[in-house]
Amino acid sequence: MDHTDLAILSELDKNSRATVSEISKNVSLSTPAVSERIKKLEEAGIIEQFTMKLNHNKMDLSLMAFVFVSLKGGASIPQFRESILSFPEVLECHHIAGEYDYLLKVILKNTQELEQFISKRLKGIFSVQKTNTLINLSTIKSDLNRIDRP
């Protein structure tokens with residue numbers, strides 16, 4: 001990857017729906033050259049998918065929380081992971097090192113939904129031993145990608 005590839009990625013990060021023509025103007029490269037570079041970035045697996053970012057507040061999903069999860073010794077990890085994948089409230093699930101086994105990023109309407117999610121759904125998974133929840137008050141930065149911009 002070179003400076004031009006980073007510039008193209010930066011443009012796509014700003015607007016994944018930007019046309020190749022728009023990107024070519026912003027990076028001072030011909031449309032066919034930009035198209036070919038994007039294709040190569042996809043083939044190399046650098047671009048995995050084109051996506052969107054939702055405004056959860058406008059969807060009445062204003063409570064974001066981070067839930068640390070400890071599993072019981074000898075617990076069924078595949079069963080836990082399968083359950084987590086089925087929960088639409090879970091935006092992210094990270095297997096972590098330290099006191100806890102997993103960190104979940106969840107989005108819900110309110111504290112009542114959070115209570116139901118933790119008490120009924122999450123702790124309803126047999127392998128879950130303990131949780132610790134932090135409620136997000138505000139978000140200062142939320143980037144989907146890290147791009148070393150040119």
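## Helix H2 against helix H3

H2 and H3 are roughly perpendicular to each other, a label given to angles of 65 to 115 degrees, whereas angles under 35 degrees count as roughly parallel, those over 145 as roughly antiparallel and the rest as oblique. Helix H2 (residues 20-27) packs on H3 at an angle of about 105°, and their axes are 8 Å apart; axes are lines fitted to C-alpha atoms, for helices over the stretch in contact, and angles run from 0 to 180 degrees between N-to-C directions. Helices (H or I, at least four residues) and strands (E, at least two) are DSSP runs, numbered from the N terminus.

The model is predicted, so local features need pLDDT of at least 70 and side-chain atom pairs count only at pLDDT 80 or more, while totals for chains, interfaces and linings use all residues. Residues are numbered from 1 along each chain as its sequence is written, and side-chain values use heavy atoms, with hydrogens and water left out.

In the contact, which means heavy atoms within 4.5 Å, Val20, Ser21, Ile23, Ser24 and Val27 of H2 meet Thr31, Val34, Ser35 and Ile38 of H3. The contact of H2 with H3 comprises five nonpolar, four polar and no charged residues, where Ala, Val, Leu, Ile, Met, Phe, Trp, Tyr, Cys and Pro count as nonpolar, Asp, Glu, Lys and Arg as charged, and the others, Gly among them, as polar.

## Helix H1 against helix H3

The axes of H1 and helix H3 (residues 31-43) come within 11 Å and cross at roughly 85°, so H1 and H3 are roughly perpendicular to each other. On the H1 side the contact is made by Thr4, Asp5, Ile8, Leu9 and Leu12, and on the H3 side by Val34, Arg37, Ile38 and Leu41; by class, these residues are six nonpolar, one polar and two charged.

## The sheet and its helices

Four strands form an open antiparallel sheet in the order E2-E3-E1-E4, with strands taken as paired if DSSP finds at least two bridges between them. E2 and strand E4 (128-135) stand at the edges with a single partner strand each, so one side of each is left without a neighbour in the sheet. From one strand to the next the twist averages 20°.

Strand E1 (residues 63-71) and E3 run antiparallel and are joined by seven bridges, and Val67 stands opposite Leu104 in E3. Five bridges join E2 to E3, with Lys105 in E3 as the bridge partner of Glu92. E2 and E3 form a hairpin with six residues between them, and Gly98 in the turn has a positive phi of about 120°.

Helix H4 (residues 77-85) lies across E1, E2, E3 and E4 and runs at about 20° to E3. Helix H5 (residues 111-122) packs on the sheet, touching E1, E2, E3 and E4, and its direction makes about 165° with that of E4.

## The largest pocket

The largest pocket holds about 1400 Å³ of space. On a 1 Å grid over the protein atoms alone, a pocket is an open set of points where a 1.4 Å probe fits, with protein on both sides within 12 Å along at least five of seven lines, and lining residues have an atom within 4 Å of a point. Grid points are joined across faces, edges and corners, and the volume is the space filled by probe spheres set on the points.

Its lining has 38 residues, of which Thr51, Met52, Lys53, Asp143 and Leu144 lie nearest the centre of the pocket. H1 gives the most to this lining, with five residues.
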